[in-house]
Amino acid sequence: MIKVAVIVGSTRPGRKALDVARWVMETAGKRSDAQYELVDIEDFKLPLLDEPVPPSMGQYSQPHTLAWAAKIAEFDGFVFVTPEYNHGTSGALKNAIDFLYKEWNNKAAGFVGYGSAGGARAIESLRLVMGELMVADVRAQVMLSLFTDFENFATFKPAAHQAKSVDAMLDQVVAWSGALAALRQQQGQPA
């Protein structure tokens with residue numbers, strides 16, 4: 001069965017990403033097309049990239065990198081839950097992505113962004129990164145507004161229609177993850 005990680009893309013104290021990711025997991029839990037797992041980058045305590053060899057070489061030396069690589073390698077697809085900070089994704093998420101290379105390759109990704117403009121610019125910046133990592137990013141995305149999906153800009157209360165956006169994005173992530181299985185197998189990656 002397809003395995004999809006819902007990645008919590010913020011480590012900031014008071015972050016909303018965990019609430020948003022749990023909501024995505026709740027929506028995903030009503031589906032039977034894949035196994036979904038919440039993966040919180042905070043749990044891996046990744047410092048600023050500290051590997052002496054570029055990730056594309058696959059020669060990880062730090063215990064935290066090896067643990068992160070093993071976790072990400074388990075999945076066929078990803079849903080990145082990202083805040084928007086200064087027209088981009090969080091530094092913590094970008095750093096976590098940059099630690100690895102082959103573990104991301106030939107998989108699919110969808111995005112759930114939140115911010116004053118629905119996280120649109122954070123998602124767009126992540127799409128560029130995914131291209132370099134050979135991750136097929138899907139068209140459907142979820143854009144949550146601080147004005148309409150958060151009470152007093154603090155408490156996450158998504159509008160009812162947002163669950164349909166999550167389902168549309170997950171439909172594409174699961175389909176593309178399955179379609180890329182043959183390519184992963186051809187490249188010697190787990191299918």
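**The sheet and its aromatic rings**

Guide: Happy to. In this predicted model, five strands make up an open sheet, running in the order 2-1-3-4-5 with parallel pairing. At the edges you'll find strand 2 and strand 5 (135-145), each of which pairs on one side only. Direction ignored, neighbouring strands here are turned by 20° against each other on average.

Now zoom in on strand 3 and strand 4, which pair in the parallel sense over seven bridges. P83 stands opposite Y114 in strand 4. Helix 2 packs on this sheet and touches strand 1 (3-8), strand 2, strand 3 and strand 4. The direction of helix 2 makes about 160° with that of strand 2.

On to the rings. The count of aromatic pairs comes to eleven. One of them is F44 with W68, an edge-to-face pair at 4.9 Å centre to centre, with 65° between the planes. F44 sits in the loop between strand 2 (35-40) and helix 2 (63-73), while W68 is in helix 2, so this pair ties together parts that are 24 residues apart in sequence. Both F44 and W68 are buried.

Then look at F80 and F111: their ring centres are 6.0 Å apart and their planes at 20°, so this pair is stacked. It links distant parts of the chain, with F80 in strand 3 (residues 77-83) and F111 in strand 4 (residues 107-115), 31 residues apart. F80 and F111 are buried too.

As for F75, the charged end of K3 sits over its ring, 5.2 Å from the centre.

Terms used
Residues are numbered from 1 along each chain as its sequence is written. This is a predicted model: local features need pLDDT of at least 70, side-chain atom pairs count only at pLDDT 80 or more; totals for chains, interfaces and linings use all residues. Side-chain values use heavy atoms; hydrogens and water are left out. Rings of Phe, Tyr and Trp (its six-membered ring) pair if their centres lie within 6.5 Å; planes under 30 degrees apart count as stacked, over 60 as edge-to-face and the rest as tilted. Helices (H or I, at least four residues) and strands (E, at least two) are DSSP runs, numbered from the N terminus. Buried means under 20% relative accessible area, exposed over 50%, partly exposed in between (1.4 Å probe, protein chains only). A charge sits over a ring if NZ of Lys or CZ of Arg is within 6 Å of the ring centre and within 35 degrees of the ring normal. Two strands pair if DSSP finds at least two bridges between them. Axes are lines fitted to C-alpha atoms, for helices over the stretch in contact, and angles run from 0 to 180 degrees between N-to-C directions. Contact means heavy atoms within 4.5 Å.
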